[in-house]
Amino acid sequence: MPAPFASSLCGYRDGRPNTSDKGDAGSVALGKVFFEAMGIPADSIPPAEAVGNLMASLMSSDLEKAIKEEASHLTVEPEKPFPNFEQFSHLNAARELRGDMAKEVAKAIDDLRKFSSKAAMDTEIREKLTAHLDKIRDEIASTESRRRELLNILGEESLLKLDITVSREMANPVDPSTPLQHLVAGFSLKWTLRTDRAQDCRSQGAKMAALRRGRMPHFAAVTMEPRPAMLALLGRGSGDVDCVYHLHLPALSEAIDDYCSGTKHKARLAIRDNFRRLRDQRRIRDYDELRSYVTTL
């Protein structure tokens with residue numbers, strides 16, 4: 001079953017499907033056959049707003065609805081930072097160390113000096129106390145300077161935000177009163193694919209696997225891209241991406257069969273064979289499987 005919102009994202013721009021690369025004649029031709037299989041009229045106008053943003057909004061709403069009905073213990077959220085999840089919370093450690101604690105301590109020492117200057121005490125004791133406070137402040141300033149140098153050398157590991165996250169609440173072993181969010185699935189959304197865009201997903205998945213502390217979340221790309229060659233850039237990876245979910249796989253399967261049938265042209269046959277391998281090896285899956293997977297977590 002396709003995504004229920006897939007058709008609402010489709011339309012023609014200057015006679016070309018908005019899933020097609022205008023500089024690729026084969027992409028435009030396949031895109032038209034794909035839209036015909038979906039039943040998209042030739043006079044359909046694409047959404048006025050950025051289709052990628054609308055895709056994320058509609059998919060979030062669809063998953064929220066499915067989860068509310070079948071898996072209410074889960075939470076769907078868009079673009080949530082990785083350190084908010086327990087497996088990646090350590091990524092914030094360096095940033096937290098960059099706080100202004102040293103400034104607060106220095107201010108407290110200055111306040112204490114001012115108080116001691118007005119307090120009723122022996123002059124010799126006041127002078128010794130002031131000298132001692134000045135020494136503490138100088139040591140704090142020196143330590144803070146060195147700490148910042150080390151933090152600058154250390155650097156920070158970062159991850160791009162996932163377009164959609166699915167998480168569940170779990171007990172916090174350190175502070176039972178503050179539960180943690182455990183990331184169970186994350187999705188990178190790409191309306192269509194280009195070579196550089198595809199590599200973003202793979203590098204993100206590799207970093208997630210390398211930086212996590214705990215179980216690896218299900219990580220997949222979601223797209224409407226019709227070209228098997230572009231889908232293979234993600235689907236035939238080395239495990240950086242679990243799989244690729246397509247918003248309308250039934251229509252794409254029909255379109256590729258129609259586009260490649262009745263010809264002995266090797267390039268067309270290679271397109272069909274490439275797609276069938278991706279589908280049969282389950283490297284590319286239907287959106288309905290994504291929905292089913294999430295609701296059974």
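In which sense do S5 and strand S6 pair, and over how many bridges? The close-ups below, all taken from a predicted model, start there.

**View 1. Strand S5 and its two partners.** S5 and S6 (residues 218-223) pair in the parallel sense, over six bridges. If you want one spot to look at, Leu 189 stands opposite Val 222 in S6. Strand S4 (residues 164-170) is also joined to S5, this time running antiparallel, with seven bridges. Here you can pick out Ser 167, whose bridge partner in S5 is Leu 183. Strand S5 itself (residues 180-190) is mostly covered, with 10 of its 11 residues buried.

**View 2. Val 166 and the largest nonpolar core.** This core holds 68 residues, and Val 166 is among those that touch the most other members, along with Met 38, Met 59, Phe 187, Val 222, Leu 247 and Leu 290. In general, nonpolar side chains in soluble globular proteins tend to be buried together. Leaving aside neighbours within four places in sequence, Val 166 is in contact with residues including Ile 67, Leu 74, Val 76, Leu 183, Phe 187 and Val 294. Thr 75 and His 182 are on its contact list too.

**View 3. The buried side of helix H10.** Which residues of H10 (residues 287-295) are buried? They are Tyr 287, Leu 290, Val 294 and Thr 295. These residues cover an arc of only 120° around the axis, so they sit on the same side of H10. Leu 290 also turns up among the core residues that touch the most other members, and Val 294 is one of the contacts of Val 166.

**View 4. Glu 225, a buried loop residue.** You'll find Glu 225 in the loop between S6 and helix H7 (228-235). Its relative accessibility is 0%, so Glu 225 counts as buried. The side chain of Glu 225 reaches the backbone nitrogen of Leu 193 at 2.9 Å. Not counting residues up to four places away in sequence, Glu 225 also touches Trp 191, Thr 192, Arg 194, Met 230, Leu 231, His 246 and Leu 252.

**View 5. Two loop residues with positive phi.** Glu 79 has a phi near 45°, a positive value in a residue other than glycine. Glu 79 lies in the loop between strand S3 (74-78) and helix H3 (93-97), and is partly exposed, with a relative accessible area of 49%. Arg 282 isn't a glycine either, yet has a positive phi of about 60°. Look for Arg 282 in the loop between helix H9 (266-280) and strand S8 (284-286); at 37% relative accessibility, Arg 282 counts as partly exposed.

Technical notes: Residues are numbered from 1 along each chain as its sequence is written. This is a predicted model: local features need pLDDT of at least 70, side-chain atom pairs count only at pLDDT 80 or more; totals for chains, interfaces and linings use all residues. Side-chain values use heavy atoms; hydrogens and water are left out. A nonpolar core is a set of buried Ala, Val, Leu, Ile, Met, Phe, Trp, Tyr and Cys residues joined through side-chain atoms within 4.5 Å. Buried means under 20% relative accessible area, exposed over 50%, partly exposed in between (1.4 Å probe, protein chains only). Contact means heavy atoms within 4.5 Å. Helices (H or I, at least four residues) and strands (E, at least two) are DSSP runs, numbered from the N terminus. The arc is that of the directions from the helix axis to the C-beta atoms. Two strands pair if DSSP finds at least two bridges between them. A polar contact is a pair of N or O atoms within 3.5 Å; within protein, one must be able to donate a hydrogen and the other to accept it, and residues adjacent in sequence count only if both atoms are side-chain atoms.
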